[in-house]
Amino acid sequence: MNLPRSRRRRRKHGLAAPHSSDRPSLSSSSSSSRVASHATGDSGNAASLSPELAEAVAISPFTRLGLSQPLVRAVVEERYARPSPIQAEVIPHALGGRDVIGCAQTGTGKTAAFVLPLLQHLAATTSPRIRALVLTPTRELAAQIADRVAVYGRHVHVRHAVLYGGVSQRSQESALRAAPDLVVATPGRLLDLVQQKLVDLAGITHFVLDEADRMLDMGFVHDVRRVVAMIPHKRQTLFFSATMAPSVETLARSMLIDPARVSISPAETTARTVDQSVVFVARAHKRALLQDVLRDETVQRALVFTRTKHGANRLSDQLDRAGIDSAAIHGNKTQGARERALDAFRRGATRVLVATDVAARGIDVEGVSLVVNFDIPNVAESYVHRIGRTGRAGASGRAISFCDESERPFLVDIERLIRHPLRVTTAPIRSAAATPWSGAPPREQPRPRLTRPPSG
Ligand code: AMP
């Protein structure tokens, strides 16, 4: 088959269409889905497909996973050439009705891994009740999952609503009155609405807990347990977490029955597509170094991570003063301000977004060409989440970490987690800012020994 070069490259990586310009217009985000959405009711009959599309659906590897034609049609239209590893493993179990515990972070395609089977189960019957619940820690993530539900579900009759705090509940009330089959929610707002008797969870047959580790980190465990106590015991549960710390395992054990275990290791997902490097630099020089890096015009869209909200604001102000347009996004900003900043970043109006870990959670922006760890995260898993913002689904990306003397132990933890050392570099920095802190290993010096050899 004669495919354009970009598609051939995507095929080689096993994933597809990283740029929205490559995608059909139907696949673009539907902002209305942030409140609620109805599938438009195209039945997805073979008769309504062009011969080319019908053939693409018939031979799609998604069909072999057991997915119905209208769902495969939607992913084919999204130009997904083949399932990502997490999708290939989770979808058959989930379609078979089994509980699943999936260890994978965002960027691996895990949303489709649970949304597609949910849609298939829901489309098979009708009911006036809410039958599926997806619980997720942040509003951004909730909005993005709902957006995917609208995209993957556009040829089936499944209604959904999305519920999160920080915005008026009025539009969410009307979405609930439209009798959704599936609800995507953050725990706080969901419990509020349950208390007001606007949501009834007694009809739930399918439950997804997304980003369980982050739920625990953010202190939502009691809310999650309260929600689980309200939904029927007889249900299917799909449980996802980027990490499997003992506290996550305990939570999983309390809500899953004989689950299939699926694990996509961080090493597999980060090392493949993201060019990762570290620069040893004194703290006082980090700012100048960042400006240098961002002045490189080949950097189209950069996400810069700081550890604190205050740090994010300060850095964004400093960049603006240096003539580099940027916006900061963190938990202290209003929902409106966060969405405006994200939107400008998505559109390309703002080239640089400075974010904290929590605020960046679930940001799904295509074409992030560079992630800068201005501060090295003190929790190694956060590194994986951060760099997962670039090199998404087969696209290539770059991640640079600025490491000062005090952050050295965090770097060792990260290298242990991802099972390979980061490349030490001074490039692409041109200014004297890259002066390393005293005691930084010279470039050629062997890196610290790791518990396991690089996975290659
Ligand atoms: P997620 O990990 O669910 O946040 O997905 C990350 C990105 O990968 C999203 O932009 C999806 O649209 C995209 N994606 C998911 N599955 C596939 C696939 N099988 N092929 C190509 N892109 C995909």
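Student: Are helix 18 and helix 19 roughly parallel or roughly perpendicular to each other?
Tutor: Roughly perpendicular. This is a predicted model. In it, helix 18 (residues 380–387) and helix 19 (residues 408–418) pack at an angle of about 70 degrees. Angles of 65 to 115 degrees count as roughly perpendicular, so the label applies.

Student: How far apart are their axes, helix 18 to helix 19?
Tutor: The axes are 8 Å apart. The crossing of helix 18 and helix 19 is right-handed.

Student: Which residues make the contact?
Tutor: Helix 18 brings Ala380, Glu381, Tyr383 and Val384. Helix 19 brings Asp413, Ile414, Leu417 and Ile418.

Student: How many of those are nonpolar, polar and charged in the contact of helix 18 with helix 19?
Tutor: Six are nonpolar and two are charged.

Student: Switching to helix 5 and helix 6. What is the angle there?
Tutor: About 25 degrees, with the axes 9 Å apart. Helix 5 covers residues 85–95 and helix 6 covers residues 110–124. Angles under 35 degrees count as roughly parallel, and therefore helix 5 and helix 6 are classed that way. Their crossing is right-handed.

Student: Which residues meet between helix 5 and helix 6?
Tutor: From helix 5, they are Ile86, Gln87, Val90, Ile91, Ala94 and Leu95. From helix 6, they are Lys110, Ala112, Ala113, Phe114, Leu116, Pro117 and Gln120. By class, the contact of helix 5 with helix 6 has 10 nonpolar, two polar and one charged.

Student: How many bridges join strand 13 and strand 14?
Tutor: Four, in the parallel sense. Strand 13 spans residues 370–373 and strand 14 spans residues 397–403.

Student: Now single residues. Where is His330?
Tutor: His330 sits in the loop between strand 11 and helix 16 (335–347).

Student: Is His330 buried or exposed?
Tutor: Buried. His330 has 23 other C-beta atoms within 10 Å, and the cut-off for buried is 20 or more.

Student: What is His330 in contact with, beyond its neighbours within four places in sequence?
Tutor: Lys309, Ala312, Ala355, Thr356 and Ala359. His330 and Ala360 are 30 residues apart in sequence, yet their C-alpha atoms are 7.6 Å apart.

Student: And Met230, which helix is that in?
Tutor: Helix 11 (residues 221–230). Met230 is partly exposed, with 16 other C-beta atoms within 10 Å. Leaving out residues up to four places away in sequence, Met230 touches Val194 and Leu201. The C-alpha atoms of Met230 and Asp200 are separated by 8.9 Å, 30 residues apart along the chain.

Student: Last one, the whole protein. How many helices and strands?
Tutor: The protein has 19 helices and 15 strands. Buried residues make up 49% of its 456 residues. Among contacts between residues at least 6 apart in sequence, 77% join residues at least 24 apart.

Key. Residues are numbered from 1 along each chain as its sequence is written. This is a predicted model: local features need pLDDT of at least 70, side-chain atom pairs count only at pLDDT 80 or more; totals for chains, interfaces and linings use all residues. Two strands pair if DSSP finds at least two bridges between them. Helices (H or I, at least four residues) and strands (E, at least two) are DSSP runs, numbered from the N terminus. A residue is buried if 20 or more other C-beta atoms lie within 10 Å of its own, exposed if 12 or fewer, and partly exposed in between; C-beta atoms are placed from the backbone. Two residues are in contact if their C-beta atoms, placed from the backbone, lie within 7 Å. Axes are lines fitted to C-alpha atoms, for helices over the stretch in contact, and angles run from 0 to 180 degrees between N-to-C directions. Angles under 35 degrees count as roughly parallel, over 145 as roughly antiparallel, 65 to 115 as roughly perpendicular and the rest as oblique. A crossing is left-handed if the near helix is turned anticlockwise from the far one by less than a right angle, and right-handed if clockwise. Ala, Val, Leu, Ile, Met, Phe, Trp, Tyr, Cys and Pro count as nonpolar, Asp, Glu, Lys and Arg as charged, and the others, Gly among them, as polar.
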